[in-house]
Amino acid sequence: MGNVPLEPGIEEGSDPLRFAFWDVGAGIVRDNLARYARETGTAVEADCIPGAYEEVLAAAFRCGAGPEVFYAQRAEASLWAACGWIEPIPACDPAIEPWLHRMNRKVLRGSLDPDGRLLGTTYYNAGPFALFQRPGADHSVQDWDDVIDVCRRARRDGVSDHPFVPRWHATQTGLIWSLLCHLSTGGVTSLDDERALVALAEAVDFFASLVAEDLVPPGSLDDRSDEAALRRWASGRHLLTFTMDYLAADAGVLAGRPVSVPLARLPGRTGTPLMPGHALICVRAGLDRIRRDKALRLAVALGGPAVDGDLRVHRRWLQERLFPVPFPELERDEVVRDELLRFFPPIGADEAVRRLLDGRRRAVVSPVSHVPFMLEWSAGADRILRDALRERFADPARTAEAILMLWNACRAHWVPSS
């Protein structure tokens, strides 16, 4: 936790806006806020919240307090908006509407609530998931059974003791996001889809096979964050991992060299990459007019073009962290594409970048994250699936049915918090 210092030209005597964010790229966030303060004269206090982000902010919102501007994962935004804690962004405002047309249309639509209101601006998208292989491997897989076969051969031939690194940590972005992204590769993105039960059973069967045959590292079901899986992947001892595509950058930093090569296509009936959520910048409801206007300007500056119309905020996230950003024009920028080459092994880096960007273009947003009971369901679904996998020989049909029953029960009984 800490403050962005006042710069020359900042309003004297005014209470700073409070901006809350989780601990990802904190240095970039603070730089962006300091520059915004210099350019606009608006003081901003940077509040970095590690750990239980959703719980901390929700507790403040229930008391009518909390930061004026804040990050929200899409599922959090769905819940907080339904509770009346988010002030929608006025998309028809003449200062905002023009740059919305520059955004990725799918991401823009995914930022709307059921009434078509813009819940927040977007600085990066969560995913999509990609299937990575380690440098030097060359695998072409059509379905997830092929992945199991590749892992079996790798274990048999001494290529890797535990070939597959899963993203199964116990948070809203771990095991259940992996499940949803697996379903998407079979063409199922909604649990209201009539094919959901069969798709769930197939996914559970795949996960259970990985565990039962010791194809995943021991302790994968005990992870508390994605750091453990990243360190395993960075070690170079494993063959494949299925995780958010921008984590190729983080793994490379840990390894001291590029360690990830995206496969040409995801397995599955459709091979559809899924963005299980994305990070929004939101404004708290209930502010007075002056602070509301200041908060909206900050949210727009961080999630849209900068004060002078440039996309330097998003350009930095993409070039330095490989984050998927909502402005496709940056991915077509030759300077940016050259920067992205460094995240992949020199031999074949051009093809690796092409595959990564192609996956992002084909990715779809997740309707599951747009319901206000997503966090309630995902917490319960995590317990159901994690407990089943710990049994090592889970009953896929029974587990799938329990997960789907919970989804329907949450929808039937959900009421907004107060």
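The legends below describe close-up views of a predicted model.

Residues are numbered from 1 along each chain as its sequence is written, and side-chain values use heavy atoms, with hydrogens and water left out. Because the model is predicted, local features need pLDDT of at least 70 and side-chain atom pairs count only at pLDDT 80 or more, while totals for chains, interfaces and linings use all residues.

**View 1. Tyr71 pairs edge-to-face with Phe19**. Rings of Phe, Tyr and Trp (for Trp, its six-membered ring) are called a pair if their centres lie within 6.5 Å, and the pair is stacked when the planes are under 30 degrees apart, edge-to-face when they are over 60, and tilted for the rest. By this rule the model holds 25 aromatic pairs. In the pair of Phe19 and Tyr71, the ring centres are 5.4 Å apart and the planes stand at 90°. Helices (H or I, at least four residues) and strands (E, at least two) are DSSP runs, numbered from the N terminus. Phe19 counts as buried because its relative accessibility is 1%, and Tyr71 counts as buried because its value is 2%; buried means under 20% relative accessible area, exposed over 50%, and partly exposed in between (1.4 Å probe, protein chains only).

**View 2. Phe21 also forms an edge-to-face pair with Tyr71**. Here the distance is 6.2 Å centre to centre, with 70° between the planes. Phe21 lies in strand E1 and Tyr71 in strand E3, 50 residues apart, so that this pair, too, links distant parts of the chain. Phe21 is buried because its relative accessibility is 0%. Phe19, Phe21 and Tyr71 are members of one aromatic cluster, which also includes Trp22, Tyr53, Tyr123, Tyr124, Tyr246, Trp317 and Phe323.

**View 3. The largest cavity contains about 140 Å³ of space**. On a 1 Å grid over the protein atoms alone, a cavity is a set of points where a 1.4 Å probe fits but cannot get out, and lining residues have an atom within 4 Å of a point. Grid points are joined across faces, edges and corners, and a volume is the space filled by probe spheres set on the points. The model has six cavities of 30 Å³ or more. Of the 17 residues that line the largest cavity, Ala130, Leu263, Leu266, Arg355 and Gly359 are the closest to its centre. Helix H15 gives the most to this lining, with six residues.

**View 4. The second largest cavity holds about 110 Å³ of space**. Its lining has 15 residues, and the closest to its centre are Ala229, Leu230, Thr241, Thr243 and Leu247. Helix H9 (227–234), strand E8 (240–244) and helix H10 (247–255) are the elements that give two or more residues to this lining.

**View 5. Strand E8 pairs with strands E6 and E7**. Two strands pair if DSSP finds at least two bridges between them. E6 and E8 run in the antiparallel sense over five bridges, and Phe132 stands opposite Thr241 in E8. E7 (residues 164–165) pairs with E8 in the parallel sense over two bridges, where Phe164 has Leu240 as its bridge partner. E8 is mostly covered, as five of its five residues are buried.

Terms used: On a 1 Å grid over the protein atoms alone, a cavity is a set of points where a 1.4 Å probe fits but cannot get out, and a pocket is an open set with protein on both sides within 12 Å along at least five of seven lines; lining residues have an atom within 4 Å of a point.
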